[in-house]
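Please look over the model below before reading my comments.

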Amino acid sequence: MTMIILFIALPLTMAVVIQVLAHQRPVLSDWLTNATLLTLAIISFYSVGRYGLYHIGGWTTPIGIDLRLDPLSSLLLIVINVVSLAAGLYSVEYMRSYTSKTHFYGLFLLLVTGMNGVVLAGDLFNLYVFLEIAAIASYALVAFGCAHEELEASFKYAVLGTVSSTFILIGITFVYAVTGTLNMAQIAARISDIGMTPPLVLAFGLFICGFSLKAALVPFHAWLPDAHPSAPAPVSAMLSGVLIKAIGIYVLARLIFNVFGVGQGELAVLRWLGVISMVAGALLAAGQTDIKRLFAYSSISQVGYIALGLGLGTPLGLVGALYHLANHAVFKSLLFLNAGAVEQATGTRDLDKLGGLNRTLPVTGATSLIGSMSIAGIPPFNGFWSKLIIILAAVEAGFMGFATVAVAISIVTLVYQLKVQRHAFFAAPKDLLTTWRQEPRLMSLAMVVLAFGCIALSFLVVTGLRTPFLINAAQETLMRGVFGL
Amino acid sequence: MIYSLSLLLILVGLYGVIVSRNTLKIVISLVIMEHGVHLLLILVGYRAGGQPPIVDPETAMAVFAGQAVDPLPQALVLTSIVIGLGVLALLVALCVRLYERYGTFDVTEIRRLRG
């Protein structure tokens, strides 16, 4: 059980150690960061099946701080740490053009610490603290390049992020005032005793606003299309791939299913947020010409699918949502890494200026084709299966309208992904071509790892549509309602 | 009554964030909002005429628990103030950098990114 603490302690310590050790020799920071991320990725797989509570410092539940590892946390840990390993490998060569790589790695490891902490936290206040660690690290990472757009995007993101954190803290205050505890299991037990009193309904509303802002569900999405494209590519991959899920969607699911208890009202809110994000995100994405901005809008749309699946509240819907969460983390971070490789090779992200990249960037071209086909839901790839499960679940739960919208939006997704493929990779090359360089080796490796992840995830369904590895256990954790191990 | 005052403070902060055009005023409004929440948290643990939550070996535990104020919200507020300080430092640094680049604190003029 003691290894649970490693998910938080290891990156947190290394973030500081790197600043000291790598001050003289920057190459050391590459090695140390990637060794840390590799260790985390390995122990995240090792954590499967070893569930339980960890009491920090040996203080037991009502007094001390609990970390809780259950199948849902385990699933999120694997997703977070595998994607951050790929982003870390990619940064070694990509971040050379930026000034201070050591500081970058420090912030990156803090981001990982925050996200690992959020998915492991057993009480609301520690969840808030870890959420702030991840959020502050991400504000700084978005501004990392210090150019006009990056600072502007970061300021917007930081202001909205702070407002949402304040909402969450007010919500926590109300919950504490009513239940007298911050431990999520105890809150859940108290709420099932006393029911949803008006202050709890207010707290729930504040949580929905706060965490929807973190997850960029549509009425709260304004910061995402600026912040995600402005960050350096590996950071965009982390933000779009895992941050919005770890500190947004995951916490919403945890609160609705495990703490507040499932009611049709709560689920309806989630369903509508999901459908609106799905439609608005996809339509806005279709009109973009900047690759990274297009992918950012597409993230809003895909997170909408996850929220819709969760909002259905049926076991099949949850399996679909969690499966899509893992899939989206892999293919969206892959696509952002591809966009970074394209930008580095050509110096532009504008689709109208690109063309014929398949010839100069073979690895990027091939992996981005896999990523695009996955996100658009072309049959053998993982995105198809998870969308299919969500749509089947919507039909099963009797929401024919939502199912139709989900199918229609998946066609819009295909359209804008084909636009990227056609303009950037397949069209006739433009005259800039002579100056373009091929992608470096480690960047290719990171992209290949994620593309392999897309294919591996599509094989999960072979073991049976209703019981993919770990996802089913995670779904049962949510369905069990009130917490308990 | 006093609860509604702290909620009022939060709303004043939120209003400031929404209507201010100056980046520094937005940051100040965020701080006002945060402190409104801190006040609310302290009030949750407050007990009229309560004693400090420091255990005295001569008082029985049951009597002590009936008299002392709740120490937990105070610990939370301390943590939250530290987090707030971190965010404040970052936001002010961003404001300074934005001023260097754009030469203004006016958010309506800091608009390179489309909608």
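1. Basis. This is a predicted model, in which local features need pLDDT of at least 70, side-chain atom pairs count only at pLDDT 80 or more, and totals for chains, interfaces and linings use all residues. Residues are numbered from 1 along each chain as its sequence is written, while chains are lettered from A and ligands numbered from 1 in the order in which they are written.

2. Core. The largest nonpolar core holds 209 residues. (Such a core is a set of buried Ala, Val, Leu, Ile, Met, Phe, Trp, Tyr and Cys residues joined through C-beta atoms within 7 Å; buried requires 20 or more other C-beta atoms within 10 Å of a residue's own, exposed 12 or fewer, partly exposed in between, with C-beta atoms placed from the backbone.) A:Val83, A:Met115, A:Val118 and A:Ala134 have the most contacts inside it. Helix 10 of chain A (residues 233-259) gives the most to this core, 19 residues. (Helices are DSSP runs of H or I, at least four residues, numbered from the N terminus.)

3. Helix 10. In helix 10 of chain A, 27 of the 27 residues are buried, so the rest of the structure largely encloses it. A kink of about 45° is centred on A:Lys245. (The bend is the angle between axes fitted to the seven residues ending at a residue and the seven starting there.) Just after the helix, A:Gly261 has a positive phi of about 85°.

4. Helices 5 and 6. In chain A, helix 5 (124-142) and helix 6 (148-179) pack at about 175°, axes 9 Å apart. (Axes are fitted to C-alpha atoms over the stretch in contact; angles run from 0 to 180 degrees between N-to-C directions.) They are therefore roughly antiparallel, a label for angles over 145 degrees.

5. Loop residues. Which residue lies in the loop between helix 5 and helix 6 of chain A? A:Cys146 does. A:Cys146 has a positive phi of about 60° although it is not a glycine. A:Cys146 is partly exposed, with 14 other C-beta atoms within 10 Å. A:Ala216 sits between helix 8 (198-215) and helix 9 (224-230) of chain A. Its phi is also positive, near 60°. A:Ala216 is buried, with 29 C-beta neighbours inside 10 Å.

6. Chain contact. Chain B supplies 27 residues and chain A 26. (Contact means C-beta atoms, placed from the backbone, within 7 Å.) Helix 4 of chain B gives the largest share of chain B's side, 13 residues.

Methods. Helix = DSSP H or I, 4+ residues; strand = E, 2+ residues; numbered from the N terminus. Contact = placed C-beta atoms within 7 Å. Parallel < 35°, antiparallel > 145°, perpendicular 65-115°, else oblique.
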